[in-house]
Amino acid sequence: MSGTTPSPRPPARPPDPLPGQGLWGWLGRQIGYVRKAVHEDPTKSEQIVWRKEERHEAQSPELPGVTLRRTVVDEVVREKPPGQ
């Protein structure tokens with residue numbers, strides 16, 4: 001252990017107050033959150049950079065007429081930062 005002490009962190013800034021006070025302000029924010037979620041396209045939140053799909057099929061040795069199928073999907077996904 002060294003004899004130095006870490007410098008204290010600067011005091012945290014309090015968060016900005018939310019607009020609207022009381023029950024009606026809270027209710028308005030909740031409606032706004034839901035409205036934004038309904039109108040937002042969920043497919044735009046991430047970007048697939050690379051995708052590889054493999055499919056393997058084999059006939060079952062014990063059960064005639066039954067096909068065993070396995071599908072493997074490998075993806076590299078880059079999530080977009082919020083607000084973009």
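Which helix holds Trp-26? Trp-26 sits in helix H1, which covers residues 22–39. This is a predicted model, and its chain has one helix and two strands, arranged along the sequence as α-β-β.

**The chain as a whole**
- Of the 84 residues in the chain, 4% are buried.
- The chain has an accessible surface of about 8500 Å², and carbon and sulfur atoms account for 57% of that area.
- Taking contacts between residues at least 6 apart in sequence, 40% connect residues at least 24 apart.

**A nonpolar patch**
- Leu-23, Trp-24, Trp-26, Leu-27 and Ile-31 together make a nonpolar surface patch of about 610 Å².
- Trp-26, one of these residues, is partly exposed, with 43% relative accessible area.

**Salt bridges**
- Side chains of opposite charge can pair when their charged atoms come close.
- The model has five salt bridges.
- Lys-52 pairs with Glu-54, with 3.2 Å between the closest N and O atoms; Lys-52 is partly exposed at 36% relative accessibility, and Glu-54 is partly exposed at 29%.
- Arg-55 pairs with Glu-53, and here the closest N and O atoms are 2.4 Å apart; Arg-55 is exposed at 60%, whereas Glu-53 is partly exposed at 36%.
- Glu-57 and Arg-69 form a salt bridge with their closest N and O atoms 3.0 Å apart.
- Because Glu-57 lies in strand S1 (residues 46–59) and Arg-69 in strand S2 (residues 67–79), this pair ties together parts that are 12 residues apart in sequence.
- Glu-57 is exposed, at 56% relative accessible area, and Arg-69 is exposed at 59%.

How values were computed:
Residues are numbered from 1 along each chain as its sequence is written. This is a predicted model: local features need pLDDT of at least 70, side-chain atom pairs count only at pLDDT 80 or more; totals for chains, interfaces and linings use all residues. Side-chain values use heavy atoms; hydrogens and water are left out. Patches are made of residues with over 30% relative accessible area and no salt bridge: like charges are joined within 9 Å, nonpolar side chains (Val, Leu, Ile, Met, Phe, Trp, Tyr) within 5 Å. Accessible areas come from the Shrake-Rupley method with a 1.4 Å probe; for residues, only the protein chains shown count as cover. A salt bridge is a side-chain nitrogen of Lys or Arg within 4 Å of a carboxyl oxygen of Asp or Glu. Helices (H or I, at least four residues) and strands (E, at least two) are DSSP runs, numbered from the N terminus. Buried means under 20% relative accessible area, exposed over 50%, partly exposed in between (1.4 Å probe, protein chains only). Contact means heavy atoms within 4.5 Å.
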